[in-house]
Amino acid sequence: MSRKGVGLAAFDRSRLTSAQFASHGSSLRSNDAQALETQLSVFRSLLQQFAQTHAKDIRSNPSFRAQFARMCAAIGVDPLASSSAGSGAGNSMWAQLLGRSVNDFYFELAVRVVEVCGATRGENGGLIGVRELREKVVRGRMEGAPEITDDDVLRAVGTLKPLGSSYSVIKVGNKPYIRSVPKELNTDQSAVLEAVQVLGYVSVSMLMVNLRWARARAQTAVEDLLGEGMLWVDKQAPEWEYWSPGFMLDVDGTTAAGG
C-alpha cells in the first residue's frame, strides 16, 4: 500500500512539473512574439523614415524603386496594399509616404497591362511574356514618361489580384509570362511552351524524340494549346509545325522592317 501511495504522489508531481513546463513555454513564446512585434515596429518606422528621405529617388529611379519594394516585402509590408480603414480607402503606403504620383503610376500601369493583354489575347491566347508586354506598354507611352522595368510590370500585375485568377504571373522554363485567362496550364502544356522557346516552334515528332512522349500524349498537348490560341499551326510544312504566336509576330515585324 505504501508503494502505491508513493507511486501516486510521484505521478502527481510529474503532472505538476509538466504543467509548469507548459506554462513556462507559453510564457516564452508570448515574450518572443512581443519582442518580434516590437522589432518589426521599429523596422517599419525606419522604413518610413527611409522612404521620406529618398522619396525623389523612389519616384524617379526604377532600380531604387524595386529595391525599396523588396525591403518592404522582407518585413511583411505591401506598399501597394490599402492601409487601415482610418486612413481612407485606397490610401496605400506609396500614397502616404511618396505622394499619389507613385501610387497612381502603378495603378495606371496596371490599366495599360489589362489593355495590352486584351488587345493581344487573339494572338497569344492570353499568355504574353513580361518583356514583350513591357515593350508594348512603353511604345504606347508619351515621351518623357517615367521609365518602366519588368519589376514594375510584375508589381502592377499584383495590384490586379482583386480581379481574381484572371491575371497572374507564371514561369515557363526560366521566362516569366503574364496569363490573362483563368486557366491553369498542366505539366505537359508547360513543357511544350518551354520547348517552343528554343526554335519558336515544335512538332509532334520533336516532342516524341526529345521528351520521349507517346504520339497521343504529344498530339493532345499541342492540340490543347492550339485550341486555346497559345500556339499557331503551319500546315504547309512536311509535318505540321506548332508555332509561338509571339515568335511569328516578331519575325514578321523584323521582315517588314528590313523590307
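Me: Which residues form a nonpolar patch on the surface, with about 270 Å² of accessible area together?
Reply: This is a predicted model, in which local features need pLDDT of at least 70 and side-chain atom pairs count only at pLDDT 80 or more, whereas totals for chains, interfaces and linings use all residues. Patches are made of residues with over 30% relative accessible area and no salt bridge, like charges being joined within 9 Å and nonpolar side chains (Val, Leu, Ile, Met, Phe, Trp, Tyr) within 5 Å; areas come from the Shrake-Rupley method with a 1.4 Å probe and, for residues, only the protein chains shown count as cover. The nonpolar patch consists of V42, F43 and L46.

Me: Is V42 buried, partly exposed or exposed?
Reply: Residues are numbered from 1 along each chain as its sequence is written, and side-chain values use heavy atoms, with hydrogens and water left out. V42 lies in helix 1 (residues 2–53), where helices (H or I, at least four residues) and strands (E, at least two) are DSSP runs numbered from the N terminus. Buried means under 20% relative accessible area and exposed over 50%, with partly exposed in between (1.4 Å probe, protein chains only). Because its relative accessibility is 45%, V42 counts as partly exposed.

Me: How far apart are the end C-alpha atoms of helix 3 (residues 62–74)?
Reply: The expected span of a helix is 1.5 Å times one less than its number of residues. For the 13 residues of helix 3 this gives 18 Å, which agrees with the separation of its end C-alpha atoms, 18 Å.

Me: What arc do the buried residues of helix 3 cover around the axis?
Reply: The buried residues of helix 3 are P62, R65, A66, F68, A69 and C72. They lie on the same side of helix 3, because the arc, taken over the directions from the helix axis to the C-beta atoms, is only 160 degrees.

Me: Which residue forms a salt bridge with R134?
Reply: A salt bridge is a side-chain nitrogen of Lys or Arg within 4 Å of a carboxyl oxygen of Asp or Glu, and the structure holds four of them. In the one formed by R134, the closest N and O atoms are 2.5 Å apart. R134 lies in helix 6 and its partner in helix 7, so the pair ties together parts that are 16 residues apart in sequence. That partner, partly exposed at 29% relative accessibility, is D150.

Me: Which residues does T149 touch, not counting residues up to four places away in sequence?
Reply: T149 is found in the loop between helix 6 (130–139) and helix 7 (150–158), and it counts as buried because its relative accessibility is 19%. With contact meaning heavy atoms within 4.5 Å, T149 touches P62 and R134.

Me: Is I148 buried or exposed?
Reply: I148 lies in the loop between helix 6 and helix 7, and, leaving aside neighbours within four places in sequence, it is in contact with F105, L109, R134, V137, V138, R141 and V153. I148 and R134 are 14 residues apart in sequence and 7.3 Å apart in space, C-alpha to C-alpha. At 5% relative accessibility, I148 counts as buried.

Me: How far apart in space are G140 and V116, C-alpha to C-alpha?
Reply: G140 is found in the loop between helix 6 and helix 7 and is exposed, with a relative accessible area of 52%. G140 and V116 are 24 residues apart in sequence, while their C-alpha separation is 9.8 Å.

Me: Which residue forms a salt bridge with D188?
Reply: In this salt bridge of D188, the closest N and O atoms are 2.8 Å apart. D188 lies in helix 8 (residues 187–199) and its partner in helix 10 (residues 215–227), so the pair ties together parts that are 29 residues apart in sequence.

Me: What is the phi of R212?
Reply: R212 lies in the loop between helix 9 (204–210) and helix 10, and it counts as exposed because its relative accessibility is 77%. Although R212 is not a glycine, its phi is positive, at about 60 degrees.
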